[in-house]
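Me: I have a model open and want to go through its packing. Can you take my questions as they come?
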Amino acid sequence: MSNSVPGSAAVEKLRARMDKLGIKESDIEESFILGGGPGGQKVNKTCSCVRLVHKLTGTEIRCGDSRSLALNRHAARSRLCDRIEERMEGAASRRAQEIEKIRRQKRRRSRRQKQRMLDDKSHRGEIKKGRRPVDAGE
């Protein structure tokens, strides 16, 4: 996100997303807490960190990414939508799909797959060996 206040288009888009998910502003309890981390004294002295609690689901979001209160409020609402959407979709959610993809990538290859891969590599090496220039010593 940039360091400016979210534009009206971004705010409208977020509001439409919240309506689609059935999240009302009256269901959200918002509080501002003291920030921390990089940003110097300004972050440590002002209450720019946003804490949202969705009363119906009990979901809590904290956002203090930026020094700007407006940006943090927007980002926190966006994350709240993400979390509730993830809860509603379950296994079909984007995050669940990403986790499953990583799990598949880390899974160990079968012996047959591994042997086939090694055979292909050695075959490729033989092909490349044939491309080498002829040495005068041979």
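Me: Which residues in the largest nonpolar core touch the most other members?
Reply: Met 18, Ile 23, Ile 28, Leu 52, Ala 76, Leu 80 and Cys 81, out of 14 residues in that core. A nonpolar core here is a set of buried (under 20% relative accessible area, 1.4 Å probe, protein chains only) Ala, Val, Leu, Ile, Met, Phe, Trp, Tyr and Cys residues joined through side-chain atoms within 4.5 Å. The model is predicted: local features need pLDDT of at least 70, side-chain atom pairs count only at pLDDT 80 or more, and totals for chains, interfaces and linings use all residues. Residues are numbered from 1 along each chain as its sequence is written, and side-chain values use heavy atoms, without hydrogens and water.
Me: Which element gives the most to this core?
Reply: Helix α3, with five residues. Helices are DSSP runs of H or I with at least four residues, strands are E runs of at least two, and both are numbered from the N terminus.
Me: And what does Leu 80 touch?
Reply: Ile 23, Ile 28, Leu 52, His 54, Thr 59 and Ile 61, leaving out residues up to four places away in sequence. Contact means heavy atoms within 4.5 Å.
Me: What does Ala 70 touch?
Reply: Val 5 and Pro 6, again not counting residues up to four places away in sequence. Ala 70 and Cys 49 are 10.0 Å apart, C-alpha to C-alpha, and 21 residues apart in sequence.

Technical notes. Buried < 20%, exposed > 50% of the residue type's maximum accessible area, 1.4 Å probe, protein only.
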